[in-house]
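Hi,

Here is the structure I promised to pass on. Have a look at it first, and then read my notes below.

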Amino acid sequence: MNRASQAKVAVAGVGLRQYKRGGATLPEQGILIRAIIDACEDAGFNPADVDGFVSYGDDKNEPVRLMPDLGTKELRWNSQVWGGGGGGIAAAFGQAAAAIISGQANAVIVFRALAQGNSGRMSAAVMRHHLNDHIMGAGLIAPAQICALRAQRMFEYHQVPHSVTEELVKASYYHGAKNPEASSFGKELDLEAYRTGRWVTEPFRLFDCSRENDGAGALLLVSTEQARDLKKPPITLLGVANGASQGWGDLIENDTDYASAGFKPVADRLWEQTGLQPKDIDVVQLYENFSAQGIASLIDHGFCTYENVAEFVKFENLIADGGKLPVNTSGGNFAQGFIHGIGTPIEAIRVLRGESANNVANAKTCLLAGGPGAPTVSSAIFSVDDR
Amino acid sequence: MKGIGADEAYWQALSAGELKLPQCSACGKTHWPAVWRCGECGSWEHEWKSFEFSGTIFSWARTWHEFGAAKEFGLPYVSVVVEIDNANGRRLLGTIAGNAENIRIGDRVRGEVISVNIEDEVIPALRWHLDDKPSTATKFNSGATL
Ligand SMILES: [Zn+2]
């Protein structure tokens, strides 16, 4: 088993700036600079020494343009994960780790920034990445619709009960209500509003969908050795995997395991890499673009099956502190806010540091399950340093 | 027209009111999306084989929100994934005629070609009918500009 003390790369600092959609006080690049400086200050690290940048989801902020504001001495690594959706979010940490472990860079920022005034609606941008006449000729032009097709298959054919999505959404809002940074702070989910919300695309009603925020998030990665000399305790990257296996991808809805979220091969590799199993995970940050895809992701990662999903995905199991597997302790994309998911790895770090609004006592491992259902998906496991 | 992969012959056939999918000349596999090279056996030769416009509903989703799809669909409309008969389980996308209130996975459907305006371009698309639910949709006009 790959112990955290042997993990070569760690997150040393995090920064998150979130606004209402269309409500950012600065243009996108300005918010991003702020989030990066926040992450460096969190770590006690000189921003001028950051020499690498990685993003995902067609981010528009080319790192070289950040150099004047950050005082960057030398840019040594800049890359982005392929794919228009959140499927690349955990893979971004894999690229950062590859840069550091291979000696091509020393301090790498993983980031995502999005302001509607600059990049337009995220959902539209994600879809533009994938649009073709096959899907447009079927009236499919939004991620919600594609995910709805897969969700319907999961509910109707695989007989996953609808009630599980309500449990997941309820847990997210329970955490969000207690998180002062969350868009739903102070507001628990109104179950009646959830159950009778307007249809977006059946089987999704309004509260089954994550709603976009403006903002930016940044995480600073350095070697675990270097992180031990910085301000905060290191949170190591224990394992990370991404990709797709044969029969999954950009296949105009011909994917083999259609109702899944595409994670099974990625999760298998992650368990193999780390020597861990689902039972070893203390808390999960689950990227949920839509409620059903969050459920499919939990199933793909092996926490439950089509058969026992209703026993596992229960509100009391999903909440901090005391649930068997607390999920989305910040409120997640649903209730904390949705800046293309960048809040989810940031919460992974915070909860393992004990800095979350909803801490999980003695949590040592946190799974980041990335954007589900994308042509390529990715997941990572973070851990406290056990040196 | 923006397709995916090596699918030009699909659009040509559809414009002529026919359904054709590529089958590997060497190993017989029906490929969809269309490929230039068979990833199974390495052959570069494909025949475009004709299929009936018939199949079963693999999944469906009814859209109520105005996302900005082609105006022809109105609101709400039902998008479907259809498993084509005798095509190794290959699936095609389309919409269903009418509101299809009782649609279920596994329902039998038969299809026709309609024309849809997408970003100032007229393209052929598949419109499916649940067996026992007659059509009112207009046939695709193959004389239209494609
Ligand atoms: Zn072949």
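Let's start with the metal site. Along the chain, the donors of the zinc ion are spaced as C-x2-C-x10-C-x2-C. Before going further, please keep in mind that this is a predicted model.

Which residues are these donors? They are B:Cys24, B:Cys27, B:Cys38 and B:Cys41, each giving its SG atom, and they lie 2.3 Å from the zinc ion. The angles that the four donor atoms subtend around the zinc ion run from 99 to 117°, so the arrangement is tetrahedral: four donors get that label if all angles lie between 85 and 135 degrees.

One pair here links distant parts of the chain: B:Cys24 sits in strand E1 (residues 19-24) of chain B, while B:Cys38 is in the loop between E1 and strand E2 (46-51), 14 residues apart. Are these two buried or exposed? B:Cys24 has a relative accessible area of 3%, so it is buried. B:Cys38 counts as buried too, because its relative accessibility is 0%.

Next, the place where the two chains meet. On the chain B side 38 residues are in contact, and on the chain A side 34. Between them, chain B and chain A bury about 3200 Å², and carbon and sulfur atoms give 57% of that area.

The rule finds 20 residue pairs in polar contact across it, counting pairs with both residues at pLDDT 80 or more. It also finds two salt bridges between chain B and chain A. A:Glu156 forms a salt bridge with B:Arg104, where the closest N and O atoms are 3.4 Å apart.

Which elements of chain B touch chain A with at least two residues each? Helix H1 (8-15) does, along with strands E3 (54-63), E4 (77-84), E5 (91-96) and E7 (121-130). E3(B) gives the most to that side of chain B, with six residues.

Finally, a stop in chain A. Helix H12 (residues 291-300) is mostly covered, as ten of its ten residues are buried. Among them are A:Gln293, A:Ile295, A:Leu298 and A:Asp300. After H12(A) comes A:Gly302, which has a positive phi, near 90°.

Cheers

Conventions
Residues are numbered from 1 along each chain as its sequence is written. Chains are lettered from A and ligands numbered from 1 in the order in which they are written. This is a predicted model: local features need pLDDT of at least 70, side-chain atom pairs count only at pLDDT 80 or more; totals for chains, interfaces and linings use all residues. Side-chain values use heavy atoms; hydrogens and water are left out. Donors are N, O and S atoms within 2.8 Å of the metal (3.2 Å for Na, K and Ca); water is not among the atoms, so sites may look incomplete. Four donors count as tetrahedral if all angles lie between 85 and 135 degrees; four count as square planar and six as octahedral if opposite donors are over 155 degrees apart and all others between 65 and 115; anything else is irregular. Helices (H or I, at least four residues) and strands (E, at least two) are DSSP runs, numbered from the N terminus. Buried means under 20% relative accessible area, exposed over 50%, partly exposed in between (1.4 Å probe, protein chains only). Contact means heavy atoms within 4.5 Å. Buried area is the accessible area (1.4 Å probe) that two parts lose on being put together, summed over both. A salt bridge is a side-chain nitrogen of Lys or Arg within 4 Å of a carboxyl oxygen of Asp or Glu. A polar contact is a pair of N or O atoms within 3.5 Å; within protein, one must be able to donate a hydrogen and the other to accept it, and residues adjacent in sequence count only if both atoms are side-chain atoms.
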